[in-house]
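Colleague: Could you take me through one part of this model in detail, namely the open sheet and the helices that pack on it? Please state the cut-offs behind each term as you go.

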Amino acid sequence: MTDKYAVIGNPISHSKSPLIHEAFAKQTNQDISYERILAPLGGFEATVRDLIAKGYKGVNVTVPFKFEAFNLATKHSNRAINAGAANTLTFNDEICAENTDGAGIVRDIEENLNVKFAGKEVLLLGAGGAAEGVLHPILETNPLLLVIANRSLDKALSMVKKVEVQQAHMLTTLTGQTFENLETQQFDIIINATSAGLTDTSLPIPNTIFARGCLAYDMMYGRETPFMKQARESGAQVVDGLGMLVEQAAEAFYIWRGVRPETQDVMQMIRNLPKS
Ligand code: ATR
């Protein structure tokens, strides 16, 4: 019998997840279906309960429901707890929350791009849900320094504080600041986890932060954001979040099906799609 899965979000029509999971299923001979489901704002829980009643095996969850998904779950992985949010739910006798976003970005950067975090000076731009989701998995790779820079200082500092409470013996120096005092600093890896690209807004960051050979990674994909343009013009290696998208999906697929799909061809397939 075909096992049913879906991705829930609002909006959702743009989601590439069905294409990705269908490609994984074909490649690994898994009998699954995977669809997009638009949940009304305020209607996430009802949507999930309806899917469970209909025998769905799990869902991916995207904006703006990742926190609600976490709260609805009755069992949580450490990765979900660290992120405080869930992008993957599995339905068995419980609702199990996972978060594969962090694993997705680390795998894309370390395995696909062959850039290792260990010993590097890393800048994470943003302190919202997207940044929270990747913070712990990045720290687990032992960068030398991780600076969280955010427009609102309090959010950057509270992210730092939460980690300090949990990981007293961390190898990484972790600090939080605003964009203003980045003038004197340079980084090997810079990750844009702000949502500024959605509105085509530039970040107030100086061109001098991109060290020689720097990797500038934008978690958004599909078009060049002002951050990516600035990084490219400053000589950085620039990458968008398509690899992260496919890798987080592969991790979810592995949780659900117990087989790890190959991602390279699927990334290429998504990249070759006509622009919508
Ligand atoms: P997401 O789930 O995408 O992370 P979010 O939790 O609303 O969404 O967080 C958005 C992040 O982008 C925040 O770090 C936000 O900065 P503030 O915390 O100061 O609001 C950042 N952001 C959004 N628009 C921005 C802009 N124009 N300039 C700088 N930072 C911006």
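Modeller: What follows is a description of the open sheet, its strands and its helices.

This is a predicted model, in which local features need pLDDT of at least 70 and side-chain atom pairs count only at pLDDT 80 or more, while totals for chains, interfaces and linings use all residues. Residues are numbered from 1 along each chain as its sequence is written, and side-chain values use heavy atoms, with hydrogens and water left out.

The open sheet has six strands in the order β9-β8-β7-β10-β11-β12, with parallel pairing; helices (H or I, at least four residues) and strands (E, at least two) are DSSP runs numbered from the N terminus, and two strands pair if DSSP finds at least two bridges between them. Because β9 (173-177) and β12 (237-239) stand at the edges with a single partner strand each, one side of each is left without a neighbour in the sheet. On average, neighbouring strands of this sheet are turned by 15° against each other, direction ignored, where axes are lines fitted to C-alpha atoms, for helices over the stretch in contact, and angles run from 0 to 180 degrees between N-to-C directions.

Within the sheet, β7 (residues 121-125) and β8 (residues 145-149) run parallel and are joined by five bridges, with Leu124 standing opposite Ile148 in β8. Helix α6 (residues 129-139) packs on the sheet and touches β7, β8, β9 and β10 (187-192), its direction making about 170° with that of β8; contact means heavy atoms within 4.5 Å. Helix α8 (residues 226-233) lies across β7, β10, β11 (210-218) and β12, and runs at about 160° to β11.
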